[in-house]
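Please read it alongside the model shown below.

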Amino acid sequence: MATDWQALDRGPVIPGGSSVAYRTGDWRQERPVLDLQRCVHCMLCWLYCPDSAIRVAGGRVVEVDYDHCKGCGVCAAVCPPRASAIRMVPEGSA
Amino acid sequence: MSRRRVGLTGNEAVALAWKQIRPHVVAAYPITPATQIVERFSEYVAQGEVDTEFVAAESEHSALSACVGAAAAGARVLTATASQGLALMHEVLYIASGLRLPIVMNVANRALSAPINIHGDHSDTMGSRDAGWVQIYARSVQDAYDRTLLAVWVAERARLPVMVCLDGFTLTHSLEPLEVYPDEAVQAFLGEGPPDGYTLLGGEPITVGPLALPDSYMEFRRALAAAMERVPEVLEEGVRAFRAHFGQDLPPLVDARGTEDAEVALVVLGSYADAVEQAALRARVRGQRAGFVRVVTFRPFPAAPLREALRGVRDVVVLERADTLSGLGGPLGVEVRAALYDLEVRPRFTDVIFGLGGRELRDEELDGLLRAGPPGGVVYLGVEGSRVLEPA
């Protein structure tokens, strides 16, 4: 659909929060798989995730937001070795 | 209205204008010959004479970036730079205009390296001519002061950033008489801040400058071009308001004198307007019908008023302090020539490049050029054997 340029005199400004609607999860080649049995809830993955895709509640890691996780793997890299609660697995595999 | 008459340098006059403008934010980095603008202004801040958030940035790139953020929050924002500093800002210049932010920047025109040189020419701002900023060139210290005040009015109504250029040393460091308007008059003229600015700090969250892909980027750029096309109207309105508040007339786009019957017209930008206008008057005394045109606003380019002023002139001579290094001469010449292409009868054209790196233009050189008759093509004045483009 063509944009009407005459309606753009305010410049490129849009309502905030629009990135929620932009599902970047389909860029992913590898998916982080979280093992909550092993997780120590240190929050390092939540802290490092560049896309705010680690969901937490009540001070505990709950799940990965796969609609926005791009699969960069930083969560798996910072997960403490003795916990090793996050594995990266290729998309399309189990 | 009671005016004060004082003696100030161009930089001091601009700093005084800034104090009267009462910006919310100034973010800057010092560079010769613009340093004293910010230095003097920082003293006003330190002494509590103006309530401005003053950001001493770590580079010009950061300075203009801070200005962008502040303007996006709806603030009135000023900065100043020159030469290499403006070059370092280059990336952010396009962001400021693309986001339609009314930032006003004074540029103390200075040559670009290499070889390194601190003196005046227009190479720096000509490198920014397509960045979507309005560009206004001052003729005198008074003009630099007046145009800085006017620029804020224009920027906030056109919603575009504006550069007010003053020649390095020739204006920045020269002491001239200055009529200063009362603070209250400046405040009545400008109000408190952008009347229609962004509100990044307002109640509703907004995203300023999101990704625009091939389906919309071109529309944003077309809208920016349209904003620039409307600037002459905004400037006309601005100089009317300026006259009403300060009783001072400012030509908004071009200032043409004696071109109606001219056989030769001299076109110039910036502080050499005085010397060039005097040369045209001396030619008149000698019996040569010479006219003078000062281009005041270079962006948007005043093609229509230039065509009007130069219609019927046999010889047009552009004198300028920058080069495109394209073989076609300087940027002012290239654009004046383009504007004249649509005339039914096109004049002969000579582009004279002078004053690079602060070399002085002497009266004898101007008189000699007029006496001998403009040679056509591109001439580097005062440089032996330098004509590069023969007249057609």
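1. Which residues of helix H13 (residues 331-340) of chain B are buried? They are B:Pro331, B:Leu332, B:Gly333 and B:Val336, where buried requires 20 or more other C-beta atoms, placed from the backbone, within 10 Å of the residue's own. Helices here are DSSP runs of H or I of at least four residues and strands are E runs of at least two, numbered from the N terminus.

2. This is a predicted model, in which local features need pLDDT of at least 70 and side-chain atom pairs count only at pLDDT 80 or more, while totals for chains, interfaces and linings use all residues. Residues are numbered from 1 along each chain as its sequence is written, and chains are lettered from A and ligands numbered from 1 in the order in which they are written.

3. The cover over the buried residues of H13(B) includes helices H6 (123-126) and H12 (303-310) of chain B, together with strands S11 (264-269), S12 (290-295), S14 (315-320) and S15 (348-353) of chain B.

4. Chain B is divided into domain 1 (4-246) and domain 2 (254-380), with bounds that come from an automatic or database domain assignment. To their contact, domain 1 of chain B gives 26 residues and domain 2 of chain B gives 18 residues, two residues being in contact if their C-beta atoms, placed from the backbone, lie within 7 Å. On the side of domain 1 of chain B that touches domain 2 of chain B, the largest share, four residues, belongs to S6(B).

5. Helix H1 (residues 10-21) of chain B packs on helix H2 (residues 35-46) of chain B at an angle of about 40°, with the axes 8 Å apart; axes are lines fitted to C-alpha atoms, for helices over the stretch in contact, and angles run from 0 to 180 degrees between N-to-C directions. H1(B) and H2(B) are therefore oblique to each other, since angles under 35 degrees count as roughly parallel, over 145 as roughly antiparallel, 65 to 115 as roughly perpendicular and the rest as oblique. Among the residues that meet are B:Trp18 in H1(B) and B:Phe41 in H2(B).

6. For helix H3 (residues 60-72) of chain B and helix H5 (residues 90-98) of chain B, the axes come within 9 Å and cross at roughly 10°, which makes H3(B) roughly parallel to H5(B). In this pair, B:His61, B:Leu64, B:Ser65 and B:Val68 of H3(B) meet B:Glu91, B:Val92, B:Ile95 and B:Ala96 of H5(B).

Methods. Buried ≥ 20, exposed ≤ 12 C-beta atoms within 10 Å, placed from the backbone.
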